[in-house]
Amino acid sequence: MSTSNSLLKQGSQVQAKYSNNNGITLAWNMAENMEVEAVYHSVLPEFIESSSTLLDIQIDPEGAVFTRTASPGRNYYHVKFTNGSVSTINDRMIYTDGVINFRDMGGYLTEDGRTTRWGMLLRSADLHELSDQDLQTAAALGIDWICDLRSDFEVASRPSPAIGHAINTNIPFMAEASPEEMQKIGHDLHAGYKAMILNTDKCALILNELLNEERDTSLFHCAAGKDRTGVVCALILLTLGVPRDVVIEDYELTNLAVEGLMQRFLSGSNKDYQKYMDQMPELKGGIPEMMKAAFIEAALEAIDENYGSFEQYLTEGLGISTEQRTALQNKYLV
């Protein structure tokens with residue numbers, strides 16, 4: 001899985017990558033006269049030593065490998081250098097008890113040298129099982145708009161709770177995500193991904209919704225936060241100018257949530273998802289290679305095959321003007 005081998009760019013001095021079993025690796029690139037003195041964990045973006053936890057980990061000249069701290073909400077790692085300076089890493093994984101595959105799309109470098117803003121573009125699986133504590137955690141994220149990509153069938157089966165002041169909009173990204181339709185897509189995910197990215201009306205609608213000046217933080221989700229959410233988030237990141245290889249890395253991060261996704265989909269006690277599994281017996285033994293890069297690459301290939309380039313896709317397929325794309329970039333990049 002490429003995500004365990006490639007760095008997710010988050011800063012000039014320190015970078016972070018994720019691995020299975022809740023692991024995280026920090027790697028640093030610094031001047032010869034600098035060394036890392038300590039690494040701290042906190043739930044605050046600002047480094048306050050008295051309210052941060054000093055991690056008991058081995059610090060090597062090139063980096064440090066350790067297990068992520070699973071405290072509710074946002075987590076930060078502060079790398080303190082011997083000269084007194086501190087570099088802070090945002091953990092893009094957001095921890096809750098009831099929502100899996102919950103993460104932030106901030107910190108990605110774009111082709112023009114800017115960075116996607118932290119805390120403005122979030123993605124997750126469905127929100128049905130948020131606990132009371134989770135609701136407080138989610139409300140603290142300041143979410144203004146929730147874009148629910150599920151079908152009416154799914155929304156009725158697993159309705160979302162209200163979160164803070166967020167407006168919840170249902171934009172079914174597939175015509176009918178009934179068990180029968182899910183079965184068809186399950187048989188050929190490559191075709192399903194191509195169909196989703198070529199659903200130009202819905203793709204255009206979502207990008208236009210992001211231009212709403214009254215909204216800052218948006219959360220996108222479907223059932224597992226992998227297929228429909230994966231395509232929509234790839235569309236958004238590409239529109240903002242994030243390189244394709246980084247977009248694929250973000251897509252593949254869902255692999256880190258595979259265990260939780262499998263428990264949800266295959267649990268005999270979960271009647272809602274059991275309906276899907278009854279229609280898809282080929283998944284009863286597991287979902288091998290759940291988030292292969294080839295799936296999202298199929299969507300990108302569909303863009304090239306039908307429009308020649310992503311720029312042509314935006315203008316001709318979605319009707320997004322150069323001015324609108326610039327407005328989106330100015331809003332969501334720093």
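This briefing walks through some side-chain contacts, strands and loops of the structure above. Keep in mind that the model is predicted. It holds seven aromatic pairs, and the count of salt bridges comes to 16. Let's take the topics one by one.

**Aromatic rings**

- Start with the seven aromatic pairs that the structure holds. In one of them, the ring centres of tyrosine 40 and phenylalanine 47 are 5.0 Å apart and the planes meet at 55 degrees, so this pair is tilted.
- How covered are these two residues? Tyrosine 40 has a relative accessible area of 6%, so it is buried, since buried means under 20%. Phenylalanine 47 has 25% relative accessibility and counts as partly exposed.
- Phenylalanine 310 and tyrosine 313 make another tilted pair, with 5.7 Å from centre to centre and 40 degrees between the planes.
- Both phenylalanine 310 and tyrosine 313 sit in helix H11, which covers residues 310-317. They are three residues apart, and that is about one turn of the helix.
- Phenylalanine 310 is buried at 8% relative accessible area, and tyrosine 313 is buried at 0%.
- Tyr193, Tyr251 and Phe295 come together as one aromatic cluster.
- A ring can have a charged neighbour too: arginine 92 lies over the face of tyrosine 108, at 4.1 Å from the ring centre.

- Which residues make the nonpolar surface patch? Val43, Leu44 and Ile48 do, and the patch comes to about 220 Å².
- You'll find valine 43 in the loop between strand E3 (36-42) and strand E4 (53-54). Valine 43 counts as partly exposed, at 46% relative accessibility.

**Strand E10 and its partners**

- Strand E10 spans residues 143-148 and is mostly covered, with six of its six residues buried.
- One partner of E10 is strand E12 (residues 217-221): five bridges join the two, and they run parallel. Across this pairing, cysteine 147 stands opposite phenylalanine 220 in E12.
- Another partner of E10 is strand E11 (residues 167-170), joined by four bridges and also parallel. Here isoleucine 146 has asparagine 168 in E11 as its bridge partner.
- A handy bit of background: side chains in a regular strand alternate between the two faces of the sheet.

**Salt bridges**

- Opposite charges on side chains can pair when the charged atoms come close. In this structure, the count of such salt bridges is 16.
- Aspartate 91 and arginine 68 meet in one of these salt bridges, at 2.7 Å from N to O. Aspartate 91 belongs to strand E7 (residues 86-95), while arginine 68 is in the loop between strand E5 (63-67) and strand E6 (73-81), so the pair ties together parts that are 23 residues apart in sequence.
- Are aspartate 91 and arginine 68 buried or exposed? Both of them are buried.
- Arginine 114 forms a salt bridge with aspartate 112, and their closest N and O atoms are 2.9 Å apart. Both ends are partly exposed: arginine 114 has 23% relative accessibility, and aspartate 112 has a relative accessible area of 46%.
- Arginine 215 and glutamate 209 form a salt bridge as well, with the closest N and O atoms 2.6 Å apart. Arginine 215 is buried, at 10% relative accessible area.
- Some salt bridges share partners, and in this way Glu37, Glu49 and Lys80 are joined into one network.

**Two residues in loops**

- Most residues other than glycine have a negative phi. Asparagine 101 has a positive phi of about 60 degrees, although it is not a glycine.
- Where is asparagine 101? Its place is in the loop between E7 and strand E8 (103-104), and at 9% relative accessibility it counts as buried.
- Lysine 292 lies in the loop between helix H9 (271-279) and helix H10 (293-307). Lysine 292 is partly exposed, with 31% relative accessibility.
- How far apart are lysine 292 and isoleucine 248 in sequence and in space? They are 44 residues apart in sequence and 9.4 Å apart in space, C-alpha to C-alpha.

Methods:
Residues are numbered from 1 along each chain as its sequence is written. This is a predicted model: local features need pLDDT of at least 70, side-chain atom pairs count only at pLDDT 80 or more; totals for chains, interfaces and linings use all residues. Side-chain values use heavy atoms; hydrogens and water are left out. Rings of Phe, Tyr and Trp (its six-membered ring) pair if their centres lie within 6.5 Å; planes under 30 degrees apart count as stacked, over 60 as edge-to-face and the rest as tilted. Buried means under 20% relative accessible area, exposed over 50%, partly exposed in between (1.4 Å probe, protein chains only). A charge sits over a ring if NZ of Lys or CZ of Arg is within 6 Å of the ring centre and within 35 degrees of the ring normal. Patches are made of residues with over 30% relative accessible area and no salt bridge: like charges are joined within 9 Å, nonpolar side chains (Val, Leu, Ile, Met, Phe, Trp, Tyr) within 5 Å. Accessible areas come from the Shrake-Rupley method with a 1.4 Å probe; for residues, only the protein chains shown count as cover. A salt bridge is a side-chain nitrogen of Lys or Arg within 4 Å of a carboxyl oxygen of Asp or Glu. Two strands pair if DSSP finds at least two bridges between them.
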